Amino acid sequence: FSVLDHYNGFVSNSFIKQDINQINLLNKISLTWDEYNKNNLFFSKKKKKGIYVYGPVGTGKTFLLSLFLQYSKVGKKIHFNHLMNRIHDKINSNQDKNKKLDLFIKEFCKDIKIVFIDELHIFNIVDALLIKKIFHVLEENNIFVMTSSNFQPNNLYKNGLQRADFLPFIKHINESYDVINVDSETD
């Protein structure tokens, strides 16, 4: 039973309409996940650390990534705003914020292999700097990161204050993640 069988079950029960772009996305996610799990030292540097899916509202990003996450049975989903609120609550003191962030991420990702951060968007410098650290800690702990966003990576935090400090993160996403545009017309 594959994630495509799961998707096709929704189609056959008339919950959704079949869309080739959505099927292609599920195939790409599955391929990237399978490659990530291969133990091949030669290709380990080329492995993608996750998936960054972007596109307009209503293209099925959240549904498809949630479907894959449910199929994988080894992950956890969190909305970006909820993640940031929880992190701000944990580190909202003057005492060793980096250590508190590391501990929170490690505890949050305990017993999982995939984290799905839904609706990634960056509108302030604090979140811009934190998200870089969050992704770094997730990757250090061998967590496969799936992200959905309405924004192409290059448009994250566009025209933001001190955006130059955020550009290395955008470069990292473009180089280390499978960046996929969902250009589906099916909502």
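Visitor: Which residues form one aromatic cluster here?
Guide: The cluster is made of Phe-135, Tyr-157, Phe-166, Phe-169 and Tyr-177. Rings of Phe, Tyr and Trp (its six-membered ring) pair if their centres lie within 6.5 Å, and the planes count as stacked when under 30 degrees apart, as edge-to-face when over 60, and as tilted for the rest. Please keep in mind that this is a predicted model, in which local features need pLDDT of at least 70 and side-chain atom pairs count only at pLDDT 80 or more, while totals for chains, interfaces and linings use all residues. Residues are numbered from 1 along each chain as its sequence is written, and side-chain values use heavy atoms, with hydrogens and water left out.

Visitor: How many aromatic pairs are there in the whole structure?
Guide: Searching the whole structure gives 13 aromatic pairs. One of them joins Trp-33 and Tyr-36, whose rings are stacked at 6.0 Å centre to centre with 15° between the planes. Both of these residues belong to helix H2 (residues 20-37), where they are three residues apart, or about one turn of the helix. Helices (H or I, at least four residues) and strands (E, at least two) are DSSP runs, numbered from the N terminus.

Visitor: And are Trp-33 and Tyr-36 buried or exposed?
Guide: Trp-33 and Tyr-36 are both buried, where buried means under 20% relative accessible area, exposed means over 50%, and partly exposed lies in between (1.4 Å probe, protein chains only).

Visitor: What about Phe-166 and Phe-169, how are their rings placed?
Guide: The rings of Phe-166 and Phe-169 form a tilted pair, 5.3 Å centre to centre and with 40° between the planes. Phe-166 counts as buried because its relative accessibility is 0%, and Phe-169 counts as buried because its value is 4%.

Visitor: How many salt bridges does the count come to?
Guide: The count comes to four salt bridges. One of them links Lys-28 with Asp-178, where the closest N and O atoms are 3.6 Å apart. Lys-28 belongs to helix H2 and Asp-178 to strand S5 (residues 177-181), so this pair ties together parts that are 150 residues apart in sequence. Lys-28 counts as partly exposed because its relative accessibility is 33%, whereas Asp-178, at 12%, counts as buried.

Visitor: And Asp-102 with Lys-133, what do their side chains do?
Guide: The side chains of Asp-102 and Lys-133 meet in a salt bridge of 3.4 Å, N to O. Asp-102 is in helix H5 (residues 97-108) and Lys-133 in helix H6 (residues 125-140), so the pair ties together parts that are 31 residues apart in sequence. Asp-102 counts as partly exposed at 21% relative accessibility, and Lys-133 counts as partly exposed at 25%.

Visitor: Changing topic, where does Ser-149 lie, and what does it touch?
Guide: Ser-149 lies in strand S4 (residues 144-149) and counts as buried because its relative accessibility is 1%. Leaving aside residues up to four places away in sequence, Ser-149 touches residues including Tyr-52, Lys-61 and Leu-156. With Tyr-52 there is a side-chain to side-chain polar contact of 3.3 Å; such a contact is a pair of N or O atoms within 3.5 Å, where within protein one must be able to donate a hydrogen and the other to accept it, and residues adjacent in sequence count only if both atoms are side-chain atoms.

Visitor: Last one: which residue has a positive phi of about 65° although it is not a glycine?
Guide: That residue is Asn-159, found in the loop between S4 and H7, and at 76% relative accessibility Asn-159 counts as exposed.

Technical notes: Contact means heavy atoms within 4.5 Å.
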